[in-house]
Amino acid sequence: MFLLTGAAALVSAKDFLPAIVYDFGGKFDRSFNQSASEGAEKFKRDTGIAFREFEITNAAQREQIMAQSAKRGANIIVAVGFTQASAVEKVAKQFPNVKFTIIDAVVDLPNVQSINFREQESSFLCGMAAALASKTGKIGFVGGMDIPLIRKFALGYVEGAHYVNPGIEVFQNMTGTTPAAWGDPTKGAELAKSQFGRGADVVFHAAGATGIGVMQAAADAGKLSIGCDSNQDYLHPGSVLTSAVKRVDVAVYKAFEDAKNGTWQPGQLVLGLAENGVDYSFDEHNRTVLTPAMKQRLDQARADIVSGKLKVSEYKP
Amino acid sequence: MSTPAKLPRWAELGLLPAINLLAALLLSGVIIKVIGESPWAALKLMADGAFGSQESVGYTLYYSTNFIFTGLAVAVAYHAGLFNIGGDGQAYLGGLGTGLVCLWLGSWPFWAVLPLAVIAGAVFGAAWAFIPAYLQARRGSHIVITTIMFNFIASALMTWLLVNILIKPGQQSPESREFAPNATLPGLHTLLGKIGIPFTSTPLNLAFLFALAAGVLVWVLVWRTRWGYALRVAGQNSAAAVYAGIRPSRITIQAMLLSGALAGLLGLNELMGSQHRILLDFPAGAGFVGIAVALMGRNHPVGIFFAAVLFGALMQGGSQLSFDMPRVNRDMVVVIQGLVILFCGALENVFRGPLATLLARFGGRKDAP
């Protein structure tokens with residue numbers, strides 16, 4: 001018991017302490033979690049304020065670590081990933097004075113901010129890019145697990161591809177049925193190769209670290225790949241067509257910064273193309289493959305989506 | 001199995017595991033030193049994180065509960081000469097049984113839900129173990145291969161069920177809706193509170209007592225019944241078993257049913273006791289840890305209990321360690337856990353010979369044969 005009272009005494013002594021809890025993928029997945037980690041690191045660089053971080057290994061730890069961070073004086077806890085929703089719900093009730101920000105899920109409590117992204121919009125643009133770049137009329141999609149979030153990506157991608165070329169064929173594969181599917185580059189490469197074997201020449205991944213293998217296979221086979229979550233164009237310049245960027249880093253940075261400045265607001269935030277929450281990437285690494293003509297089509301569609309002229313369907317579980 | 005050197009019982013059960021554990025911790029210490037942290041502080045953090053407060057004890061025993069179930073499951077199969085690697089899949093499916101009862105019968109009183117949830121968990125787990133058992137007994141398909149394959153089938157099935165059928169509509173996460181309050185197990189802190197002992201709120205719940213009861217049950221069944229005798233005979237020498245009128249193929253199926261049922265009870269702790277919903281991948285590898293637990297616990301319920309507490313402590317202490325020492329990340333914790341398994345399981349004979357010689361020299365009478 002003395003440990004608990006000791007921790008409670010620390011709370012008042014400590015200044016601003018942000019914390020971040022990553023999901024199973026871990027902070028070095030070069031994708032979703034890493035993007036979150038980059039946001040937190042940038043906050044540390046800019047403000048000099050250290051943060052607490054934790055990579056979970058089993059379901060019970062989520063609750064435990066969040067509660068512990070709260071007890072040890074964290075003012076804001078960012079939970080990365082939809083799997084953390086139930087833990088945030090429980091812990092946020094226990095610590096009404098601590099701010100919680102959850103990414104990719106909705107938790108309806110007065111001290112929780114829920115940030116969601118319209119991934120379907122960036123996936124739509126990537127589907128368009130794939131269809132525009134494909135010479136065979138066949139493109140591929142490699143997902144991690146068959147879960148609603150990944151179906152959201154897939155649906156947007158297919159819609160975008162059909163928007164450009166209604167007759168295009170899209171191969172879809174999921175990597176696995178366990179969370180290991182997010183960290184299996186070997187299998188990602190195999191799936192990409194099999195899609196190339198069936199005639200695809202562009203492949204989009206939404207599979208976390210598994211996607212590294214997908215992109216490697218595309219580079220090896222002289223085909224094109226599309227990155228996910230982080231801007232992955234730099235991984236294989238000239239082979240990565242573009243990336244479906246999800247600015248998790250901005251969301252994390254902003255949550256930390258707002259909490260520090262006292263401007264943090266609970267409630268729901270949905271970030272799409274209009275809010276610069278998602279986008280397709282264009283930089284010096286993919287300039288050679290994403291031609292100006294393609295870019296023009298993408299930017300037109302982008303403007304149409306933002307203005308509401310072009311509707312992208314959202315996968316509803 | 002050949003034993004290189006015989007040790008007195010106290011050394012076999014107490015001293016040797018302690019030396020193995022110490023060796024594993026020493027090597028872990030070296031690694032922690034190499035990455036630039038103090039091994040002593042790390043050890044302290046870990047021990048404190050596992051046993052230092054009521055909260056940490058609660059979490060340690062909560063994790064241990066899973067490992068007791070899966071450890072017992074592995075041990076029962078082992079006594080029948082079978083290597084059940086399918087604990088994870090059986091636990092996954094068993095949890096489905098328990099979870100379905102909790103979801104559907106939420107309006108029933110607790111005393112009615114509880115036995116049904118226990119039975120459903122055991123039956124679903126046993127059913128998942130039955131198919132590999134049948135294939136082994138009647139078709140000669142090796143149980144190691146089939147049970148490990150069934151883990152993948154189980155997770156494919158569960159992912160499909162959770163994503164398409166059991167998911168609570170309108171949410172991203174593939175999880176079922178929450179169980180009704182009377183379809184959940186009370187936390188041990190509530191139970192202790194009722195008899196006047198204050199205890200911090202932790203996920204430790206009634207399932208822990210079920211795990212202990214399961215240990216007693218396994219002990220009685222395996223060592224104190226005619227069936228248990230048949231099980232052990234069939235496991236040690238199936239030819240002798242046939243000669244004694246025991247049918248090894250029938251024992252194979254029965255042992256695997258019991259094994260699967262024990263693993264299937266994991267859902268009681270994880271779902272009914274703690275998460276209060278069915279979610280993806282809740283066994284989280286406990287079926288595999290169960291193998292290490294059973295090996296370390298010498299396939300005896302008492303040993304399994306202590307081994308399960310050790311692994312629970314490593315898990316909880318390890319999580320505290322990486323919480324407080326950011327440089328020791330979760331992969332480092334896995335390394336430490338791996339070293340403990342390596343020394344206590346795989347390399348247990350390294351110190352056995354020298355220890356036997358030493359004891360023989362100083363102890364006198366206990367000679368190594």
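**Entry 1: contacts in chain B.** I began with the contacts in chain B that have a separation of 6 or more, and found that residues 24 or more positions apart account for 74% of them. I note that the model is predicted.

**Entry 2: overall form of chain B.** I looked up the secondary structure of chain B and recorded 16 helices and 0 strands. The C-alpha trace of chain B spans about 70 × 60 × 40 Å along its principal axes. Of the 369 residues in chain B, 52% count as buried.

**Entry 3: the largest nonpolar core.** I asked which residues touch the most other members of the largest nonpolar core. Among its 113 residues, these are B:Phe69, B:Leu72, B:Val76, B:Leu262, B:Val293 and B:Phe311. Helix H3 of chain B, residues 54-79, gives the most to this core, with 14 residues. I followed B:Leu262 and set aside its neighbours within four places in sequence; its contacts are then B:Phe69, B:Leu72, B:Ala73, B:Val76 and B:Ala214. Apart from this core I found another, of 102 residues, including A:Leu125, A:Phe141, A:Val170 and A:Ala209.

**Entry 4: helix H6 of chain B.** I listed the buried residues of helix H6, residues 143-166 of chain B; among them are B:Ile143, B:Thr147, B:Phe150, B:Ala154, B:Met158, B:Leu162 and B:Leu166. An α-helix has 3.6 residues a turn, so residues three or four places apart point the same way. Against what do the buried residues of H6(B) pack? I found helix H4 (87-104) and helix H5 (110-139) of chain B, together with strand E6 (138-145) of chain A.

Methods. Residues are numbered from 1 along each chain as its sequence is written. Chains are lettered from A and ligands numbered from 1 in the order in which they are written. This is a predicted model: local features need pLDDT of at least 70, side-chain atom pairs count only at pLDDT 80 or more; totals for chains, interfaces and linings use all residues. Helices (H or I, at least four residues) and strands (E, at least two) are DSSP runs, numbered from the N terminus. A residue is buried if 20 or more other C-beta atoms lie within 10 Å of its own, exposed if 12 or fewer, and partly exposed in between; C-beta atoms are placed from the backbone. Two residues are in contact if their C-beta atoms, placed from the backbone, lie within 7 Å. A nonpolar core is a set of buried Ala, Val, Leu, Ile, Met, Phe, Trp, Tyr and Cys residues joined through C-beta atoms within 7 Å.
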